[in-house]
Amino acid sequence: MPSFDQFVEVLGRLYINGFEICDRLMDSYGWGVYLGPSILDHSCQSNCMVAFHGNSLTVTAASHIATLEEAFISYLNPSLPINIRQSKLYNNYFFKCICTKCVHSHRSKGVDLTSEHTELPQAGEKAGKEKRKRQ
């Protein structure tokens, strides 16, 4: 039997690599783990779209993508205001998004997301937990 720490680690990986199953209006009606798509990283300005048909998940690229490292999906509704997106990403996935859309939104408000003085860890940095992907 695994130790409690091992159990919590596996549970955490399942949680942060899972997908909310949503309808076309982004209303959630379930949750699932999809091994292939779980390797895709986040961008609020994604170049791939996730769609659900029942409990099946499909990822479609908006344009040609040479490698998986160039493929990005949005982990949340990208039309949400920047402060809500950042808060949800940090609270649910333990990173702050520094995609072009977020950096541009913050710069227009005079905030530098890449500054050392910001509170949230950048995607790829450890924040007590590993980055959501590549686990």
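This is a short tour of a predicted model, stop by stop.

**Before you start**

Residues are numbered from 1 along each chain as its sequence is written. Because the model is predicted, local features need pLDDT of at least 70 and side-chain atom pairs count only at pLDDT 80 or more, while totals for chains, interfaces and linings use all residues; side-chain values use heavy atoms, without hydrogens or water.

**The whole chain**

Show the protein chain as a cartoon. It has three helices and six strands. Helices (H or I, at least four residues) and strands (E, at least two) are DSSP runs, numbered from the N terminus. Follow the chain from the N terminus: the order is α-β-β-β-β-β-β-α-α.

Of the 135 residues, 30% are buried. Buried means under 20% relative accessible area, exposed over 50%, and partly exposed in between (1.4 Å probe, protein chains only).

Contacts come next (heavy atoms within 4.5 Å). Among those between residues at least 6 apart in sequence, 49% join residues at least 24 apart.

**Stop 1: helix α1**

Select residues 4–17, which are α1. Pick Ile-16, found in this helix. Ile-16 counts as buried because its relative accessibility is 4%. The C-alpha atoms of Ile-16 and Phe-94 are 9.0 Å apart, though 78 residues separate the two along the chain.

Val-10 also lies in α1. Select Val-10 with Leu-14, Tyr-15, Trp-31 and Val-33: together they make a nonpolar surface patch of about 490 Å². Patch residues have over 30% relative accessible area and no salt bridge; like charges are joined within 9 Å, nonpolar side chains (Val, Leu, Ile, Met, Phe, Trp, Tyr) within 5 Å. A salt bridge is a side-chain nitrogen of Lys or Arg within 4 Å of a carboxyl oxygen of Asp or Glu. Helix α1 gives the largest share of the patch, three residues. Both α1 and β2 supply at least two.

**Stop 2: strand β2**

Move to residues 28–33, strand β2, and click Gly-30. Gly-30 counts as partly exposed, because its relative accessibility is 26%. Beyond its neighbours within four places in sequence, Gly-30 touches Phe-19, Glu-20 and Ile-21.

**Stop 3: aromatic rings**

Show the Phe, Tyr and Trp side chains. Rings (for Trp, the six-membered one) pair if their centres lie within 6.5 Å; planes under 30 degrees apart are stacked, over 60 edge-to-face, the rest tilted. There are four aromatic pairs. Zoom in on Tyr-75 and Tyr-93, a tilted pair with 4.9 Å centre to centre and 55 degrees between the planes. Tyr-75 sits in the loop between β6 (72–73) and α2 (82–93), and Tyr-93 in helix α2, so the pair ties together parts 18 residues apart in sequence. Both tyrosines are buried. Then select Phe-19, Tyr-34 and Phe-52, which ring pairs link into a cluster.

**Stop 4: cysteines**

Finish with the cysteines. A disulfide is a pair of cysteine sulfur atoms within 2.5 Å. By this rule the count is zero. Cys-99 is in no disulfide: the nearest cysteine sulfur, in Cys-97, is 3.4 Å away. Cys-99 counts as buried because its relative accessibility is 10%. Cys-22 is buried too, at 12%.

How values were computed: Areas by Shrake-Rupley, 256 points an atom, 1.4 Å probe, with all protein chains shown as cover.
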